[in-house]
Amino acid sequence: MYKGVLVDKGLLESDPHFAQGCSFCHKGNEESQNKEAAHKGLMKRPSDDLETCAGCHEEIAASYKNSLHYTSAGQRHGVMGRFSEGELRIFDVKIFEKSCRSCHASCGDCHVKSPAIGGVSTGLLKGHRFVKKDEGKTCALCHGGRVYPEFTGEYGGVPDVHYQKGMACADCHSKGEFHGVGGPYTSRRDVKGRPACIGCHPAGQEKSKKAKTAHTMHAGKASCTSCHSSGNYRNCYNCHEGKGATSKPGFILGRNPRNKDIVTTLRLVPTVRGTFEEMGIKMENFDRLPNYWDAYPHNIKKRTERTRSCTLCHSERKGFLTKEDLIKDGSKANEELLVVPKSLTK
Amino acid sequence: MKNRANAKRIIIRMFYAVLVLLFLGPLSGLARDIAPVVSGEWLEKNLSAPGLVIVDIRKVESYKAGHVPGSLSAFYGSWVAKKNNNTNELLEPDDLFDLLSSLGITPTSKVVIVGSVASAPEQCFRTRVAWTLIYGGVKNVALLDGGMEKWLKDKRQVATDFSKAKESEYEGQLEKGINLSKEQILAGLGKAVVVDTRPPDFFFGVAKVPNVAKPGHLKTAVCLPSPWLLDGEGMMKKTEELAAMAAGVVGPDHAKEIMSYCNTGVFASGWWYVLREVLGYRNVKLHDGSMEELARDPNAPIVKYTWK
């Protein structure tokens, strides 16, 4: 028998969640002995309706309602800067509600069963236990296109040092990022307590002089990932609504569009001029935002070719975005990201 | 009829048993303080033996779900580097020494490698880590026979904590000679016994992995697949059987120079480990770039549709 949907019998007695029977959450008709009748009105994904959990987890449910995992507002926020007001209205109706919102997370996707990817789920996490976390079976699936395989090294790279040391997603990302911060927000940057390298590795605590020197010289000039990202991460190209994007590995250095004083790892985002053309959105403000954004590749290593060799950046300019590399017909804002690090030999 | 075939098989077995004794016994020169393959029974009895370090190379999630008590997590991916477009290269010595230090390993530690035997590559991840440890200067390396699967099947003790080692300051002597460059293995063709450890389809050239540019094998190489080292249960085959397989393909002379390769240097470590550490062949080396690197070289003599 396929164990993916088998409920652990022991739970029924010991876990308060089951005190009021299955139909408390799943609806349907518990009395019936006949499958058809019993399943009438059955809810397969009861926690998509936050009320199911709100009775006992009131605060979490209220806050979660506004979290990015539920509203998908981050995706909207990412592109809306390119739209005129009228275009945003079309986008919201035709695309956001229909397409983006469909992949939001229910409470159960992180706590009860593996989220369905392409319609397929591997089933309950642990015999229907309500687990606090099980990243390898939850986050890993929704973030399995990019973050998770980068983290474990399965995307053709090497594993992140934090994975190697036994850390998982929730060891860095905290509850605010899952359950929200209370009220509505539109970007992960609005979450206090989101992880930062420097938060766990404060300047001045380096064991070696080599590290200390490199860090002092580059504070406020080059980001942690610019030196410590071990290599290629996924970049998406040429997305068209309804057709998807293609992706290939790459490693790109340039100015951080959010703070141009700092050089960091950049990721090409898939939105191109024609992405929403078929829906009648030309993106009047396309050139306001660049096509490359600051990236946090989850493939950190203590030593990389760049920590080993200063000249890779300072004379060879390896990985730095050049005018020739820029995507064709890209945003005019892209050019502001180009940078030529000074040569160290005078 | 059947009896005679049996008798013949017994005689052959005895012959190889004698061979094994002759070549393996006191001649084998490799001083070891731990058997190259240990059973679950042995390991369970020796969990707290001094100097023993148990390293679990499965994915961190699998380790957290249940592991041999006291074992340390060091995922396979931590043991290899990606360099010059080759996926499975040796770590740089400083990274390797950092890793060994973080596991509290010293050159005199006895290291037992616990992995999965669910697939042929995973089986050989274990020997690849063993090869890397030996390269790093740790001589006493062993595999847990049957992997974690057998341990669980036998219902032995399992822990779900995350053990950390008391860090050491690892300083060992690299055994550089067991790793070959592309130039060295090419120069060995026709002189050394060059062993292709991939399944026969790859050797013959009817199968190929995407990261290898050309199908086929190095001219004059012999075919001795590493997936054949284990039985259907994931247990290492009996030593006399392994000895017979080896003798049949690379010959019985334990002093002969042997060079192993595969696609990326994982399968190559399977027979490398068994030939040198189990059977006592003394001069066995491995090319970690393997076909991935070789097939990019237009001058490498790669042939297909032939067994020679």
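Modeller: The side chains of Arg267(A) and Glu150(A) meet in a salt bridge at 3.8 Å, N to O, where the term asks for a side-chain nitrogen of Lys or Arg within 4 Å of a carboxyl oxygen of Asp or Glu. This is a predicted model, in which local features need pLDDT of at least 70 and side-chain atom pairs count only at pLDDT 80 or more, while totals for chains, interfaces and linings use all residues. Residues are numbered from 1 along each chain as its sequence is written, chains are lettered from A and ligands numbered from 1 in the order in which they are written, and side-chain values use heavy atoms, with hydrogens and water left out.

Colleague: Which domains does the assignment give for chain A?

Modeller: The assignment, which is automatic or from a database, gives domain 1 (45-195) and domain 2 (197-346). Across their interface the rule finds one salt bridge.

Colleague: How is the size of an interface often given?

Modeller: It is often given as the accessible area lost when the parts come together. Here the area buried between domain 1 and domain 2 of chain A (accessible area, 1.4 Å probe, lost on being put together and summed over both) is about 2,600 Å², of which carbon and sulfur atoms give 52%. In domain 1 of chain A, Arg82(A), Glu150(A) and Tyr155(A) lose the most area to domain 2, together 30% of what that side buries.

Colleague: How many residues are in contact?

Modeller: With contact taken as heavy atoms within 4.5 Å, 28 residues of domain 1 of chain A touch 34 residues of domain 2 of chain A.

Methods. Buried area = accessible area lost by both parts, 1.4 Å probe.
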